[in-house]
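This briefing sets out selected features of the structure shown below, grouped by topic for reference.

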Amino acid sequence: MSTEITAERLLSAADRADPDEAARLLFRAFLTLSRTADSDQLLPLLTRVRQAHEASGSARTALIYRTLAGTAATRAGLAEGPEHLDAAVRIFDEHAFGDDPVLVECALTAVMTLMRPDEARRFAPLLTGLDLPPADRARLLALVGVGDCWAGNLVRGQAELREAARLAAQCGTPDVQAEATSWLAKCDALRGDLDDAAVHLDQARELAAQVGSAWVARHLPECTAALAFVRGDRETWAGLLELVVARDVGVTAGLQYEHRWELATHHALAGRSRLAGDLLAGVDDPPASWPGGPVLPAWRAWILDPGTATTATLTAAVELLTRPVEQLLAARVAWLLGVHHGRAGRRGEAARLLEQACAGYARTGAAGMLTLVMRDLRSLGTTPAGAGTPLVVDPPFPVPAGGPTLTEAEARVATAIANGLSNREAAQRLFVSVKTIEFHLGNIFRKLGVRNRTELAARRARTR
């Protein structure tokens, strides 16, 4: 049954119910529509819940009203969102509503919308004791799972999202399955399970299309970007970040600032300082209470001018990222700083920061990210010190002046193959599929006018 038809039946039942029951039915209609409808389509529900709350005056309807009002306001970017959501959590705790599935979901929705995912964990024991239909259990477990992932426990979060997707598939709720599977794909990528991530991304796209899920479609580019990054395909990653930043998609996890700062860093490191500055111009820093808020002003200054003073300030700011939700960001910024010091020949400081990043990724279970940092850490022992030395094991594939231009991904593949690696070995080293290697090789042979791997190796030897 379509989500719209299910919602219509719930709304019709609400018309005939008393105010308390009407509020509960309206919240269930909100849950049904929230994955497939745009925000403005949800506003009529908020009006009706407010009317039910005013007619009832009970704590239960107050909790439902505050949750919906806070969620709608937050999605619309309105300042009153957190006030409503804080009130919802307070009402839930004061009245010990943990035996009511609808109110548990209200409070869980509130803490996630408040970007306090570490608090989602306290709802997990409640799910065990509740008599829930499989579809409701899948939806709630998906929220707890993404909360664990976002709060830095990728191992537990991945397991919960897998179970949520399995339950949703079993009971035939493709909207919930699409949401859980899309989040699972990003978690898989960070964990280094790249084949699983690719499969889950395709599944999420197909499931989202089945139900017309605007919610899942909104954050799929962010999930795809994570896979591209861990695969080492920075071109695709940067292109996807351009989409995310330009269209303001993938922001449901509070990462819109982080995405923009990452993209600006990418451009700055590539020598496109003006483009980096344009990305940050006119964008105010978030409050310090925002996840990552303590480091973003220092990161901005470093992007615009990566000198000694800004580097020291950014290094100090990393130590301010102490909340569970900031663990992955702390590791990422330490990694950026470690590479920066390594390229400048400051090997001791580079090793310290890269080891700090490794520890952060190991602690969170982000094995995919850890593998990339370890490559940079290992290269400290093989790369000659010197200002401007890139922190990579292999030099870029050389091409004659004025000759064909290889993309960054093609250059990496060409170097690996010219070094004598098989397609499978190159795929393992570059964290991509064998099919991706074959695709790039076709373009490389065509661009360079070579017919096979032997000629490719000879071309590099002549050009170096």
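Helices, as named here, are DSSP runs of H or I with at least four residues, numbered from the N terminus. On that basis, Glu 326 is placed in the loop between helix H17 (308-318) and helix H18 (327-343). The model is predicted.

**Nonpolar cores**

- The largest nonpolar core has 128 residues, and the members touching the most others are Ile 64, Leu 108, Trp 299 and Trp 335.
- Helix H12 (residues 214-231) supplies the largest share of this core, with 10 residues.
- Apart from neighbours within four places in sequence, Ile 64 has contacts with Ala 23, Arg 24, Phe 27, Val 49, Val 102, Leu 103 and Cys 106.

**Helices H8 and H9**

- Helix H8 (residues 134-150) packs against H9 with the axes 8 Å apart and an angle of about 160°.
- Angles over 145 degrees count as roughly antiparallel, so H8 is roughly antiparallel to H9.
- The two helices, H8 and H9, cross in a left-handed sense.
- On the H8 side, the contact includes Pro 134, Arg 137, Ala 138 and Leu 141, and on the H9 side it includes Leu 154, Arg 156, Gly 157 and Gln 158.
- By class, the residues in the contact of H8 with H9 are 12 nonpolar, three polar and five charged.

**Helices H9 and H10**

- Helix H9 (residues 154-170) and helix H10 (residues 174-191) have axes that come within 9 Å and cross at roughly 150°.
- This angle makes H9 roughly antiparallel to H10.
- The crossing of H9 with H10 is left-handed.
- Residues of H9 that meet H10 include Leu 154, Val 155, Gln 158 and Leu 161, while those of H10 include Val 176, Gln 177, Ala 180 and Thr 181.
- The contact of H9 with H10 comprises 13 nonpolar, three polar and three charged residues.

**Helices H14 and H15**

- Helix H14 (residues 256-269) and helix H15 (residues 273-280) have axes 7 Å apart and pack at an angle of about 165°.
- H14 is therefore roughly antiparallel to H15.
- H14 and H15 form a left-handed crossing.
- In H14, the residues Arg 260, Trp 261, Leu 263, Ala 264, His 267 and Ala 268 meet Ser 273, Leu 275, Ala 276, Leu 279 and Leu 280 of H15.
- Eight nonpolar, two polar and one charged residue make up the contact of H14 with H15.

**Buried residues**

- Phe 92 belongs to helix H5 (residues 81-95).
- Buried means under 20% relative accessible area, so Phe 92, at 5% relative accessibility, counts as buried.
- Beyond residues up to four places away in sequence, Phe 92 touches Leu 63, Phe 97, Gly 98, Leu 103, Val 104, Ala 107, Phe 123 and Leu 126.
- Phe 92 and Leu 103 are 11 residues apart along the chain, and their C-alpha atoms are separated by 7.3 Å.
- Glu 326 counts as buried because its relative accessibility is 1%.
- Not counting residues up to four places away in sequence, Glu 326 touches Trp 290, Pro 291, Gly 292, Gly 293, Pro 294, Leu 320 and Leu 321.

Conventions
Residues are numbered from 1 along each chain as its sequence is written. This is a predicted model: local features need pLDDT of at least 70, side-chain atom pairs count only at pLDDT 80 or more; totals for chains, interfaces and linings use all residues. Side-chain values use heavy atoms; hydrogens and water are left out. A nonpolar core is a set of buried Ala, Val, Leu, Ile, Met, Phe, Trp, Tyr and Cys residues joined through side-chain atoms within 4.5 Å. Buried means under 20% relative accessible area, exposed over 50%, partly exposed in between (1.4 Å probe, protein chains only). Contact means heavy atoms within 4.5 Å. Axes are lines fitted to C-alpha atoms, for helices over the stretch in contact, and angles run from 0 to 180 degrees between N-to-C directions. Angles under 35 degrees count as roughly parallel, over 145 as roughly antiparallel, 65 to 115 as roughly perpendicular and the rest as oblique. A crossing is left-handed if the near helix is turned anticlockwise from the far one by less than a right angle, and right-handed if clockwise. Ala, Val, Leu, Ile, Met, Phe, Trp, Tyr, Cys and Pro count as nonpolar, Asp, Glu, Lys and Arg as charged, and the others, Gly among them, as polar.
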